[in-house]
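Thanks for coming. I have one structure to go through, so please have the sequence open next to it.

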Amino acid sequence: MDAQLISIHYSDPLWIAIAFVCGLTVKNFGLPPLVGFLFAGFVLNGLGAKDGEFLGILSDMGITLLLFSIGLKLKLSSLARPEVWGTATLHMGLVTLIFGILVMLLSYTSVPLFHGMEAETALLIAFAMTFSSTVFAVKVLDESGTNNALHGQTSIGVLVIQDIAAVIFIAVSMGKIPSLWTVTLILLIPMRFIFYKILDKVGHGELLILFGISMALIGADLFELVGMKGDVGALVFGMLLAKHSKSTELAKALLGFKELFLVGFFLSVGMTAMPSGTDVLIALLLMLFLPLKVAIYFGLFSLFNLRSNSAWRASLNLANYSEFGLIVGAIAVSSGWLAGEWLAILALILAFSFILSAPIISIRDSLYERWRTKMNRFERKNRLAGEEHLALSHIKAVVFGMGRMGVAAYNALEKNYAGNIAGVEVDRERATRLTQQGRNVYTGDVTNPDFWIRAPELHHDLEWVLLTLPNHQANMNSVLRLKEMGYQGRIAATAKHHDEEDELKALGVDHTFNIYTVAGLGFANELESFLSK
């Protein structure tokens, strides 16, 4: 590797520090830090700063690790579901056509850059606007702990299909035809068992992290060698490991590195091009198309039998423009198909869509409650697996989140609540597996208001609710949902930090379990019993 590629310019640490300050500032206003990183990029661009090689490498690494992490959580069977591939393909077609027509109508006005535009150019701009942001959606799902919820899995599946479409466009537009060696990639399928063996032996520390980064980079380089986009290689290598028992642990281990590297991506987006006042106005004009894009998502998700709230949540996960749209625009500009100003405009609508979507997602449930009656008109009678009605009127104790902590809690309570206990797990495959083992487990998302429509009698005789969800925010949202439903029984919840315990108790949780403290006490008690023998 050229030494210049790994050198750090003296200004790079300063840019990262400015990104930190901006990220912290917007976080205090309830926006995700990534909005601050974008804003930092625009400010630096306005000051004449240019991103160096180091930020470019960070950006590329961030996208590579992002797609690898998506692959770790993705199964091919999820892409084959009609609500995924059907929505993705129909949405891209409809949005390209409708947005293309709207852009063509603007070509008959005197608006700069639109006046006299040809149909091919209008369709190209519309195509770039069809994509939704993988980075934004994954961040939202990670923070809410709903990666494995139906709306989360559906959103990710749609994004993957969109990303594949973007990669195909990039390959065709760049004249990058895959080589004959591409067919050898099928050998990766049997080779995954070798990867499994290695993953079994790397342990749980730094070797696990190094293995994950190596696999992501090897996958990207291997696909580049055979004439395919490297990001697809990272995604495929992640999918090869998705069924391994340590895939979730590996994804968590890479989380911090992925988020660090993505800072470079957001800074680079903001520093891509300096927008003019006209560019800002055109970007704001195109932002008016975003509600229509979301409405089409909602209509298609409802058409494919998602409940109204799941369709609403999935649509809002995708309620933005995409970094892949920016990549498509960059290629179109470099190929002479679009004027150079469009690169700045696409960067602006990406940033504006993030700024608009972030606060809306934080109030999506209250908006749903307000518009529930109107949204329910779009529901179909058929129900997808995991959204059917549940008869749980006899349940007196329920465990939400059937991971290791949840299963342990379920086993402990089962002695006193035999026949009257249930577990609720957002991951359909895990819920099925636990049911086959003899436990009373259902698929559901307690943070979703529609869960209580599926199980309207659950809270009538309920005495105990145990929240062992993997994400603190998900536990918090679950408590709020229980209180809204009028639940008066006892609530216990797990936490990892003392400040999280304080936040849960402030919401009315009766008892909190700090999993690290409780684990230490359990070990001490067991050791004391052993020594007293």
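I will take the domains, then the aromatic pairs, the salt bridges and a surface patch.

First, the ground rules. This is a predicted model, where local features need pLDDT of at least 70, side-chain atom pairs count only at pLDDT 80 or more, and totals for chains, interfaces and linings use all residues. Residues are numbered from 1 along each chain as its sequence is written, and side-chain values use heavy atoms, with hydrogens and water left out.

Domains. The bounds come from an automatic or database domain assignment. Domain 1 covers 76–262 + 289–378, and domain 2 covers 397–532. Their C-alpha centres are 33 Å apart. Domain 1 puts 19 residues into the contact and domain 2 puts in 14 residues, contact meaning heavy atoms within 4.5 Å.

Next, aromatics. Rings of Phe, Tyr and Trp (its six-membered ring) pair if their centres lie within 6.5 Å; planes under 30 degrees apart are stacked, over 60 edge-to-face, the rest tilted. The whole structure has 10 such pairs. In one of them, F114 and W342 have ring centres 5.5 Å apart and planes at 85 degrees, so the pair is edge-to-face. F114 sits in the loop between α5 (82–106) and α6 (119–130) and W342 in helix α17 (residues 341–362), so the pair ties together parts 228 residues apart in sequence. Helices here are DSSP runs (H or I, at least four residues), as are strands (E, at least two), numbered from the N terminus. Buried means under 20% relative accessible area, exposed over 50%, and partly exposed in between, with a 1.4 Å probe and protein chains only. F114 is buried at 0%, and W342 is buried at 2%.

Now salt bridges, defined as a side-chain nitrogen of Lys or Arg within 4 Å of a carboxyl oxygen of Asp or Glu. The count is seven. R81 and E83 meet at 2.6 Å, N to O; R81 is buried at 13% and E83 is buried at 3%. E369 and R372 have their closest N and O atoms 2.7 Å apart. Those two are three residues apart in helix α18, about one helical turn.

Last, the surface. I186, L187, I189, M191, I194 and I198 form a nonpolar patch with about 560 Å² of accessible area together. Patch residues have over 30% relative accessible area and no salt bridge; like charges are joined within 9 Å, and nonpolar side chains (Val, Leu, Ile, Met, Phe, Trp, Tyr) within 5 Å. Areas come from the Shrake-Rupley method with a 1.4 Å probe, and for residues only the protein chains shown count as cover. I189 lies in helix α9 (residues 188–201) and is partly exposed at 47%.
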